[in-house]
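Dear colleague,

Please find below the structure that I am handing over to you. My findings follow it, and I would be grateful if you could read them with the coordinates open.

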Amino acid sequence: MDRFYAQFVQPGDMVFDVGAHVGDRVAAFRRLGAHVVAVEPQPALVRTLKLLYGRDVAVVIEPVAVGREAGKAAFSLNLDNPTVSTASEAFRKAADGAPGWKGQAWTTTIEVPVTTLDTLVLRHGPAAFIKIDVEGSEADALAGLSSPSPALSFEFTTIQPRVAATCIKRCAELGYTRYNAVLGESLTFVHDDWMGAEAITAWVRALPQNANSGDIYARLPAPL
């Protein structure tokens with residue numbers, strides 16, 4: 001994990017970990033010498049993050065969700081599998097009965113505060129890298145970003161290909177021109193060369209449903 005993220009993160013950089021869960025990526029970013037804003041709305045996971053990083057002055061924990069505008073949101077908790085807790089009703093509907101998602105149950109709903117990526121930038125400064133993993137709300141998160149970081153990643157699922165396409169379109173609007181992808185938790189790029197927005201969109205669209213999920217990485221144009 002450290003070797004993979006070292007492509008994007010240098011000592012002293014600011015990183016936003018949006019959907020930090022229990023902080024495995026936070027740990028990698030800190031080992032790379034970055035300052036981290038860990039964004040996580042689930043109260044139980046916020047408590048875990050505070051136990052692990054509450055005394056680390058280089059980690060700020062934001063107990064909020066991220067969306068296209070500030071406010072409040074209904075957040076559905078999957079208590080047996082918190083990694084797929086979500087603020088997206090469309091995500092839950094897409095997962096219902098889908099291959100690879102059977103048995104998932106969102107049994108509790110809480111209200112959580114919502115902020116935007118732009119607000120986080122104003123509060124903490126610009127990020128060198130933004131990781132977004134918010135279970136179907138990735139497009140909403142990117143809609144709240146107007147100043148691109150040099151690189152970012154967002155999760156995609158094969159049950160919601162339109163969300164991935166919307167995210168790529170937004171990234172292109174923000175000025176990102178180079179894209180690659182990782183399937184599952186492999187942390188290995190599936191393409192030898194970075195590609196354009198149209199090519200990565202076609203690649204995601206062509207994935208079989210059993211590919212399940214992964215992350216798309218976007219970079220701004222290479223400096224001259």
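Which residues are linked with Asp24 in a network of salt bridges? The network joins Asp24, Arg25 and Glu185. Please bear in mind throughout that this is a predicted model.

**Salt bridges**

The count of salt bridges comes to 9. Three pairs are described here.

Lys131 pairs with Asp17, and their closest N and O atoms are 2.7 Å apart.

Glu62 forms a salt bridge with Arg123, with 2.8 Å between the closest N and O atoms. Here strand 3 (residues 59–62), which holds Glu62, is linked to helix 5 (residues 117–124), which holds Arg123; the two residues are 61 residues apart. Glu62 is buried at a relative accessible area of 8%, whereas Arg123, at 48%, is partly exposed.

Arg68 forms a salt bridge with Asp140, the closest N and O atoms being 2.8 Å apart. Because Arg68 lies in the loop between strand 4 (65–66) and strand 5 (71–77) and Asp140 in helix 6 (residues 138–143), the pair ties together parts that are 72 residues apart in sequence. Asp140 has a relative accessibility of 31%, so this residue counts as partly exposed.

**The surroundings of Val26**

Val26 is located in helix 2 (residues 24–31). Its relative accessibility is 0%, so Val26 counts as buried. Leaving aside residues up to four places away in sequence, Val26 touches Asp17, Ala20, Val36, Ala38, Tyr53 and Val59. Asp17 in this list is also the salt-bridge partner of Lys131. Between the C-alpha atoms of Val26 and Leu52, which are 26 residues apart along the chain, the separation is 10.0 Å.

**Packing of helices 7 and 8**

Helix 7 (residues 161–174) packs against helix 8 (residues 197–206) at an angle of about 170°, and their axes are 10 Å apart. Helix 7 is therefore roughly antiparallel to helix 8. On the side of helix 7 the contact is made by Ala164, Ala165, Ile168 and Ala172, and on the side of helix 8 by Ala197, Ile200, Thr201 and Val204. The residues of this contact comprise 7 nonpolar, 1 polar and no charged.

With kind regards

Key
Residues numbered from 1 in each chain as written. Predicted model: local features only at pLDDT ≥ 70, side-chain atom pairs only at ≥ 80, totals over all residues. Heavy atoms only, no water. Helix = DSSP H or I, 4+ residues; strand = E, 2+ residues; numbered from the N terminus. Buried < 20%, exposed > 50% of the residue type's maximum accessible area, 1.4 Å probe, protein only. Contact = heavy atoms within 4.5 Å. Axes fitted to C-alpha atoms, helices over the stretch in contact; angles between N-to-C directions. Parallel < 35°, antiparallel > 145°, perpendicular 65-115°, else oblique. Nonpolar A, V, L, I, M, F, W, Y, C, P; charged D, E, K, R; others polar. Salt bridge = Lys/Arg side-chain N within 4 Å of Asp/Glu carboxyl O.
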